[in-house]
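Subject: Structure handover

Hello,

Here is the structure I said I would pass on.

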Amino acid sequence: MDYIIKLAFVLLIFVYSWFFQIQNQEWDTLRSMLKDANNIAVHDAVQELNEAALAQGQLIIDPEQAYATFKDSLESNLGLDDNLSPQAGSHFRTKVKIIKFDILDESSGVTFPLLYEDSNYGITKYIQGPSVIAVIQTEHPVLISRTKTQEAITVPAIQEYRFNE
């Protein structure tokens with residue numbers, strides 16, 4: 001009887017550890033997918049230039065078009081619908097949120113290079129030219145119910161134009 005109790009205890013610890021490892025792998029996978037998709041989306045968004053300003057020699061990013069392109073890129077790369085909720089077959093189980101979407105260019109009154117800092121999301125970067133900065137977030141995957149809730153997966157990305165000097 002003593003042997004059975006010890007074996008059950010060891011089995012319980014093994015199963016708990018196994019699920020914990022699966023949950024951590026799921027977190028790594030989702031974070032990697034979010035980071036890749038965010039990098040692609042800001043790259044796509046920064047290319048949406050205002051054609052009239054470009055004809056006058058200014059690199060000004062069209063904010064509405066850039067945001068729409070950013071959102072479309074996230075949807076197609078992560079398998080999301082128009083509300084950024086996962087579609088059937090997506091790796092995600094919860095909605096992806098766009099927490100921050102900023103455009104820094106000549107129209108916003110900044111001069112380059114500049115030191116961009118956002119302590120809320122841990123971003124510090126010298127920016128050399130017009131840029132798109134975005135932060136996206138989704139809920140941490142939960143396979144094991146615990147008393148401590150996990151923080152959401154938050155991923156920042158910056159894409160900039162660099163001027164050749």
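Predicted model: local features only at pLDDT ≥ 70, side-chain atom pairs only at ≥ 80, totals over all residues.

Three strands form an open sheet in the order β1-β4-β5, and their pairing is antiparallel. The edges are β1 and β5, each of which pairs on one side only. Ignoring direction, neighbouring strands in this sheet are turned by 10 degrees against each other on average. The antiparallel strands β4 and β5 are joined by eight bridges. To find your place there, look for Ser 131, which stands opposite Glu 160 in β5.

The helices across the sheet

α1 has 45 residues and spans 66 Å from its first C-alpha to its last, close to the 66 Å expected at 1.5 Å a residue. This helix lies across β1, β4 and β5, and runs at about 25 degrees to β5. The buried residues of α1 are Gln 23, Glu 26, Leu 30, Leu 34, Ala 37, Asn 38, Ala 41, Val 42, Ala 45 and Val 46. An α-helix has 3.6 residues a turn, so residues three or four places apart point the same way. The cover over the buried residues of α1 includes α3, β1, β4 and β5.

α3 has 16 residues and reaches 22 Å between its first and last C-alpha, close to the 22 Å expected at 1.5 Å a residue. It lies across β1 and β4, at about 140 degrees to β1. Buried in α3 are Ala 66, Thr 69, Phe 70, Ser 73, Leu 74, Glu 75 and Leu 78, and what covers them includes α1, β1 and β4. At the start of α3, a side-chain oxygen of Asp 62 comes to within 3.2 Å of the backbone nitrogen of Glu 64. After α3 comes Gly 79, with a positive phi near 70 degrees.

In soluble globular proteins, nonpolar side chains tend to be buried together. In this model the largest nonpolar core has 26 residues, and those with the most contacts inside it are Leu 34, Phe 70, Leu 78, Phe 101 and Val 132. Two or more residues each come from α1 (2–46), α3 (63–78), β1 (97–104), β4 (131–138) and β5 (153–160). The largest share, seven residues, is from α1.

Leaving out residues up to four places away in sequence, Phe 70 touches Asn 38, Ala 41, Val 42, Ala 45, Ile 98, Phe 101, Ala 134 and Ile 136. There is also a second, separate core of seven residues, which includes Leu 104, Leu 114, Tyr 116 and Val 135.

The loop between α3 and β1

Leu 84 is in the loop between α3 and β1 and has a positive phi of about 65 degrees, although it is not a glycine. Leu 84 counts as buried because its relative accessibility is 5%, and buried means under 20%.

Ser 90 is in the loop between α3 and β1 as well. With a relative accessible area of 19%, Ser 90 is buried. A polar atom of its side chain lies 3.2 Å from the backbone nitrogen of Phe 92. Apart from neighbours within four places in sequence, Ser 90 is in contact with Leu 78 and Gly 79.

Not counting residues up to four places away in sequence, Lys 95 touches Asn 83, Leu 84, Ser 85, Pro 86, Gln 137 and Thr 138. A polar atom of the Lys 95 side chain lies 3.5 Å from the backbone oxygen of Asn 83.

A cis peptide bond

Most residues other than glycine have a negative phi, and most peptide bonds are trans. Phe 112 and Pro 113 are joined by a cis peptide bond, with omega about -5 degrees. Pro 113 is in the loop between β1 and β2 (114–118).

Regards

How values were computed:
Residues numbered from 1 in each chain as written. Heavy atoms only, no water. Core = buried A, V, L, I, M, F, W, Y, C linked by side-chain atoms within 4.5 Å. Buried < 20%, exposed > 50% of the residue type's maximum accessible area, 1.4 Å probe, protein only. Helix = DSSP H or I, 4+ residues; strand = E, 2+ residues; numbered from the N terminus. Contact = heavy atoms within 4.5 Å. Expected span 1.5 Å × (residues − 1). Polar contact = N/O pair within 3.5 Å; in protein donor to acceptor, adjacent residues only side chain to side chain. Pairing = 2+ DSSP bridges. Axes fitted to C-alpha atoms, helices over the stretch in contact; angles between N-to-C directions.
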